[in-house]
Amino acid sequence: MKCPSCVAEISDDSRFCAYCGITLPRCLSCGQLHPIEAGFCPHCGVPTHGTSEPSVVSPDTVLPGEDEHWKQNERVETIGFLFEPDFPDRRFYLEEGDSTVGAGEKNDLVVDKPAISWNHAIIIVRDQKIRIQDSASTNGTFINGTQIHRPQNLRHGDKVRFANFTYIVWIKPQLREKE
């Protein structure tokens with residue numbers, strides 16, 4: 001594997017980089033290497049700083065303060081969420097159906113920022129697959145830096161940018177596409 005800091009080739013079971021000396025950031029729960037700046041493990045969802053309590057360990061885990069969300073949507077299956085990289089606890093849950101994104105207060109995901117169009121995009125969840133479509137926004141919708149012009153599939157770890165505001169996609173492990 002490569003060191004996340006100096007990119008030198010190091011052993012997979014290393015605890016630190018023999019070249020630059022940094023301690024390698026590994027998840028306390030699953031042991032997988034994660035980006036240094038990550039707020040939680042992209043593999044299992046456990047926070048990387050502070051507490052070792054998992055934020056998402058299994059698909060059925062109810063997060064603190066989320067009881068009402070689950071009670072109101074008992075028959076709706078949440079297959080993942082979008083989160084802000086700087087605020088991973090701010091989550092927009094992805095469930096069967098269509099969700100609108102934009103600066104307008106009637107959108108499902110309200111992103112009240114100057115560059116965001118009133119009706120910016122739509123997220124479509126069908127058959128445990130997530131697609132996103134730009135709604136002819138002024139400043140565009142992007143997946144991993146590429147502007148989209150027609151509906152596109154979203155995958156675990158994708159960076160979705162509405163104009164200049166970024167979210168990251170987190171999908172339940174059992175629903176992630178294998179490459």
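P88 counts as buried because its relative accessibility is 17%, where buried means under 20% relative accessible area, exposed over 50% and partly exposed in between (1.4 Å probe, protein chains only). P88 is found in strand 2. Helices (H or I, at least four residues) and strands (E, at least two) are DSSP runs, numbered from the N terminus. P88 and I168 lie 80 residues apart in sequence, yet 9.0 Å apart in space, C-alpha to C-alpha.

The model is predicted: local features need pLDDT of at least 70, side-chain atom pairs count only at pLDDT 80 or more, and totals for chains, interfaces and linings use all residues. Residues are numbered from 1 along each chain as its sequence is written, and side-chain values use heavy atoms, with hydrogens and water left out.

The chain has one helix and 11 strands. Along the sequence the pattern is α-β-β-β-β-β-β-β-β-β-β-β. Of the 179 residues in the chain, 41% are buried. The chain exposes about 10800 Å², of which carbon and sulfur atoms supply 48%. Accessible areas come from the Shrake-Rupley method with a 1.4 Å probe; for residues, only the protein chains shown count as cover. Contact means heavy atoms within 4.5 Å. Among contacts between residues at least 6 apart in sequence, 29% join residues at least 24 apart.

An open sheet is formed by six strands in the order 2-1-11-10-7-8, with antiparallel pairing. Strand 2 and strand 8 (146-147) are the edge strands, each pairing on one side only. Two strands pair if DSSP finds at least two bridges between them. Strand 1 and strand 11 pair in the antiparallel sense over four bridges. L82 stands opposite V169 in strand 11.

The largest nonpolar core holds 26 residues, and L82, L94, I123, I130, I132 and F162 touch the most other members. Such a core is a set of buried Ala, Val, Leu, Ile, Met, Phe, Trp, Tyr and Cys residues joined through side-chain atoms within 4.5 Å. At least two core residues come from each of strand 1 (78-84), strand 2 (87-95), strand 5 (121-126), strand 6 (129-134), strand 10 (159-162) and strand 11 (165-171). Strand 11 gives the most, with four residues. A second, separate core of five residues includes F81, F83, Y93 and W170. Leaving aside residues up to four places away in sequence, I123 touches L82, L94, G97, D98, S99, V101, I130, R131 and I132.

D158 lies in the loop between strand 9 (152-154) and strand 10. D158 is buried yet has no salt bridge, defined as a side-chain nitrogen of Lys or Arg within 4 Å of a carboxyl oxygen of Asp or Glu. The nearest side chain of opposite charge, R155, is 5.3 Å away; Lys and Arg count as positive and Asp and Glu as negative, while His and the chain ends are not counted. With residues up to four places away in sequence not counted, D158 touches I143, N144, N153, Y167, I168 and V169.

Most residues other than glycine have a negative phi. Q128 has a positive phi, near 60°. Q128 sits in the loop between strand 5 and strand 6, and is partly exposed, with a relative accessible area of 34%. Phi of A163 is also positive, near 60°. A163 belongs to the loop between strand 10 and strand 11. A163 counts as buried, at 6% relative accessibility.
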